[in-house]
Amino acid sequence: MNMITNHLPTAELQALDAAHHIHPFSNQDELAGQGARVITSAKGVMLTDSDGNQLLDAMAGLWCVNIGYGRDELADVAARQMRELPYYNTFFMTTHVPVIALSAKLAELAPGDLNHVFFAGSGSEANDTNIRMVRHYWSAKGKSDKTIIISRKNAYHGSTLGGASLGGMIPMHQQGGLPIPDIHHIPQPNWWAEGGDMSPDAFGLARAQELEKAILALGEDRVAAFIAEPVQGAGGVIVPPESYYPEIQRICDKYEILLISDEVICGFGRTGNWFGAQTVGWKPDIMTIAKGLSSGYAPIGGSIVTDEIANVIGATEFNHGYTYSGHPVAAAVALENLRILEEEDVVGHVRDVAGPYLKRKWEALSDHPLVGEAKITGMMGSVALTPNKAARAPFAANPGTVGLICRDHCFANGLVMRHVGDRMIIAPPLVLQPHEIDTLIERATRALDLTLAQIKSDGLFV
Ligand code: PMP
């Protein structure tokens, strides 16, 4: 078979998928038994599957389709670029127009003196670049002992050897012999799960001070960088207490270490500013970008770095690069996506319209008997499911059991919402309109009601 169309029956597509396609982060046998959901088309914020069901995509794909689906402008730009120059590399003293234009645009959009971009094909690759780049930077400055990168437990920074090592996901470290050497993880600022009797602000401060403790224990002369997502995404949309980042910034200012803001999810408007660093108020030396850079229409990522880093690296040969670094089609698509984000003021829409409206509705979910905290920043939010709000108690069942039940009720009720353990999370397209927010909340509430009824009857509401 050399072509698969949408006209094959769903069961046939699922059988072929199970026979030949290995899915990321999946148990293949379980998936084969159930049959993968086949998505065939999408428009705006709605997906259509091979049975004709319509789903509101409250995850924007994988947190990436910021401008929504079905924008012809991006398809037209991609087709034009493929005809003009489908591929050329940026190695060996060459460059091309799309990568030049995109680099200049990103330098304009990025805060401060973040003016230089090293491109990759994804967020994981970009974080791999960051590991090599910060170590090379310090070595070029004569401080080759500065190799340790501090990250956080439950962080997500990608799935390559470097990205997964930076991430703090134990199940990922358990496969493939990770983390690589000289990556250190400190505890996360997750007040709901780990704050005990402390107030959120006292807890935020204490968790930030874990960074200082780690720097002092490891040795200032050994620590190269600290990496964090402004708001932890795949870890369950953990919005840190307000006290957290000012303290992190104070500590980073005090010691000579680089700050890496992983903006793969938070970048390009998701938190109501162009970058999450601006929302939480910290000043990175490097920003990791991907996802919303092209709204997922083409695979592209990168690292935006300061003048200082670019100058130091620039005086040496940095032995690093990918065949698809600055791919012309992906770069042209990203540039068109940035034009749309800017000209349609999508960031302003998140900040002033959709974000505040969604925040009001989302936070009201904390009145639901199954919901403990409901947190949101811009257009990324989470609710913690609990059998006992006052005690912030977990369920007696294995973590994720109730979350999975709720996720399935969401799908059955026309809503894509993901679960991380027993937290339900959303990150919808940024162009979501108020009436679509009403639909999202109605469907989420219905799924919560159905989940509560089911876990009560199954004896899981304990
Ligand atoms: N960093 C963060 C914060 C992410 O959320 C992700 C992906 N979810 C990555 C890095 C890795 O990006 P990619 O999947 O494009 O490699």
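Guide: P98, V99, L102, K105, L106, A107 and L109 are the buried residues of α5. The model is predicted.

Visitor: What covers these buried residues of α5?

Guide: The cover includes helices α4 (72–84) and α14 (328–343). Strands β4 (114–120), β9 (286–289) and β10 (301–306) are also among it.

Visitor: Which residues touch the most other members of the largest nonpolar core?

Guide: L106, W362 and L385 do, in a core of 66 residues.

Visitor: How do you know where this core lies relative to domain 1 and domain 2?

Guide: Look at who contributes. Domain 1 (44–67 + 345–457) and domain 2 (73–343) both give residues, so the core lies between them.

Visitor: What is L106 in contact with, leaving aside neighbours within four places in sequence?

Guide: L106 is in contact with V117, F119, F268, I289, L293, I304 and L338. There is also a second, separate core of 24 residues, including C64, M380, F411 and A427.

Visitor: What sits over the face of F411?

Guide: R37 does, at 3.7 Å from the ring centre. The ring of W138 has the charged end of K146 over it, 4.6 Å from its centre.

Visitor: Why is the pair of Y87 and Y324 called edge-to-face?

Guide: Their planes are 85 degrees apart. The cut-off for edge-to-face is over 60, so the name applies. The centres are 6.1 Å apart, within the 6.5 Å limit for a pair.

Visitor: Where in the chain are Y87 and Y324?

Guide: Y87 is in the loop between α4 and α5. Y324 is in the loop between α13 (307–314) and α14, 237 residues apart from Y87.

Visitor: Why is Y324 called exposed, and Y87 partly exposed?

Guide: Y324 has 51% relative accessibility, and exposed means over 50%. Y87 has 30%, which falls between the cut-offs of 20% and 50%.

Visitor: What makes R392 count as buried?

Guide: Its relative accessibility is 18%. Buried means under 20%, so R392 qualifies. R392 lies in the loop between β12 (380–385) and α16 (401–412). Its phi is near 50 degrees, a positive value in a residue other than glycine.

Key
Residues are numbered from 1 along each chain as its sequence is written. This is a predicted model: local features need pLDDT of at least 70, side-chain atom pairs count only at pLDDT 80 or more; totals for chains, interfaces and linings use all residues. Side-chain values use heavy atoms; hydrogens and water are left out. Buried means under 20% relative accessible area, exposed over 50%, partly exposed in between (1.4 Å probe, protein chains only). Helices (H or I, at least four residues) and strands (E, at least two) are DSSP runs, numbered from the N terminus. Contact means heavy atoms within 4.5 Å. A nonpolar core is a set of buried Ala, Val, Leu, Ile, Met, Phe, Trp, Tyr and Cys residues joined through side-chain atoms within 4.5 Å. Domain bounds come from an automatic or database domain assignment. Rings of Phe, Tyr and Trp (its six-membered ring) pair if their centres lie within 6.5 Å; planes under 30 degrees apart count as stacked, over 60 as edge-to-face and the rest as tilted. A charge sits over a ring if NZ of Lys or CZ of Arg is within 6 Å of the ring centre and within 35 degrees of the ring normal.
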